[in-house]
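Student: I have a model open on my screen, and I would like to learn how to read its features one at a time.

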Amino acid sequence: MLQNFFSGWFCPQPRLKLLVAMLLTPVIAATSIQAASAQSFEALTSSLSQLSPEKQASDQPSVSLDPLNSPYPIPWNWVMKTYEDVSSQEGSGVRYYRSHSLLSPDGEYAAYSRIQMQVQPELYHSQVSSVMFLENLRTGKLQEVKASSPLALHLLIRGESAVPGIISILSPIGWSKSSDRLLARQFEGFFNTSDVSDYAVIWHRYKNQTTTLAPAQTYHDHAMSILLGWSQTDPDQVVFRVGELGDEHWQMWTVAENGQTTPATSIEQPIVFGLQQMKLWAGEQIASR
């Protein structure tokens with residue numbers, strides 16, 4: 001039955017387009033949302049499967065499906081199954097999902113996400129949001145990490161009155177080797193449109209500051225971006241694969257914290273550090289109300 005939902009992934013929603021154009025604000029440079037494509041979800045995942053890195057999250061077979069075929073997939077299977085179950089039985093409701101914890105290399109911090117889905121009878125009226133937590137395992141102190149990407153800011157400002165259909169999921173993907181920075185994937189998009197892309201969120205441990213990044217093309221050329229990890233050649237930068245729907249060749253770019261975007265070298269190999277800890281929460285935590 002999932003195929004039935006995916007077949008509507010790229011149906012244009014002009015009303016949402018207009019609202020997004022009015023409400024979204026840039027993170028580094030001016031941005032606009034590309035026109036929705038009429039291509040199917042299967043066409044998108046087929047093209048991206050040839051362009052994404054070979055590295056896959058093989059230890060997470062239950063969440064391998066991802067709208068961008070990311071090497072660090074969001075729990076998309078859960079999102080679609082949750083919509084399927086709730087809409088067919090209750091019509092609407094709220095469901096929660098808590099991810100595994102990602103431990104820093106020095107063992108002092110754990111990061112995890114709590115995802116909330118507000119299910120409505122129509123998929124394009126449903127909404128997915130998230131909160132990412134950082135826990136100091138030595139002191140027990142817990143803090144939130146938030147993205148400043150367009151849809152994350154919109155949800156923060158508008159709350160329950162936010163534009164329907166928003167998907168905004170922040171999840172940790174890797175630490176730096178010295179455990180001084182955490183890299184998280186901010187996946188944003190809309191149900192029933194082709195507007196999906198990644199942002200990078202970096203938390204600085206000693207500054208306790210957060211930076212949100214995306215390749216310049218995401219803003220200027222209406223391109224999609226897929227976060228791949230830290231740059232191995234320059235650990236202060238992050239690596240994205242960038243392209244547009246239908247492109248045969250997507251390019252790899254590195255992005256500095258000031259937003260400067262440069263082509264990745266031919267020897268670039270994205271890398272992340274940290275240990276996914278399953279015992280802390282005994283697997284994903286799922287709840288409803």
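Predicted model: local features only at pLDDT ≥ 70, side-chain atom pairs only at ≥ 80, totals over all residues.

Tutor: Residues are numbered from 1 along each chain as its sequence is written, and side-chain values use heavy atoms, with hydrogens and water left out.

Student: How many helices and strands does the protein chain have?

Tutor: Helices (H or I, at least four residues) and strands (E, at least two) are DSSP runs, numbered from the N terminus. Here the protein chain has 6 helices and 15 strands.

Student: What percentage of the residues of the protein chain count as buried?

Tutor: Buried means under 20% relative accessible area, exposed over 50%, and partly exposed in between, using a 1.4 Å probe and protein chains only. Of the 289 residues in this protein chain, 55% count as buried.

Student: Which residues of the largest nonpolar core touch the most other members?

Tutor: In soluble globular proteins, nonpolar side chains tend to be buried together. A nonpolar core is a set of buried Ala, Val, Leu, Ile, Met, Phe, Trp, Tyr and Cys residues joined through side-chain atoms within 4.5 Å. The largest one here has 25 residues, and those touching the most other members are Trp76, Val79, Met117, Val128, Ile167 and Phe191. At least two residues of this core come from each of helix 4 (76–89), strand 3 (109–119), strand 6 (166–175) and strand 10 (224–230), and helix 4 gives the most, with 6 residues.

Student: How much space lies in the largest pocket, and which residues are the closest to its centre?

Tutor: Rolling a probe the size of a water molecule over the atoms shows where empty space is left. On a 1 Å grid over the protein atoms alone, a pocket is an open set of points where a 1.4 Å probe fits, with protein on both sides within 12 Å along at least five of seven lines, and lining residues have an atom within 4 Å of a point. Grid points are joined across faces, edges and corners, and a volume is the space filled by probe spheres set on the points. The largest pocket holds about 570 Å³, and of its 23 lining residues the closest to the centre are Ser129, Ser130, Val131, Leu155 and Leu156. Strand 4 (127–136) gives the most to the lining, with 5 residues.

Student: Is Gly174 buried or exposed, and which residues does Gly174 touch?

Tutor: Gly174 is found in strand 6 and counts as buried because its relative accessibility is 0%. Contact means heavy atoms within 4.5 Å; not counting residues up to four places away in sequence, Gly174 touches Leu102, Leu182, Leu183, Trp230, Val272 and Phe273. The C-alpha atoms of Gly174 and Ser104 are separated by 8.1 Å, although these residues are 70 residues apart along the chain.

Student: Where is Asn192 placed, and where is Asn208 placed?

Tutor: Asn192 lies in the loop between strand 7 (181–190) and strand 8 (196–204), and has a positive phi of about 65° although it is not a glycine. Asn208 lies in the loop between strand 8 and strand 9 (209–213), with a positive phi near 55°. Asn192 is buried, with a relative accessible area of 10%, whereas Asn208 counts as partly exposed at 48% relative accessibility.
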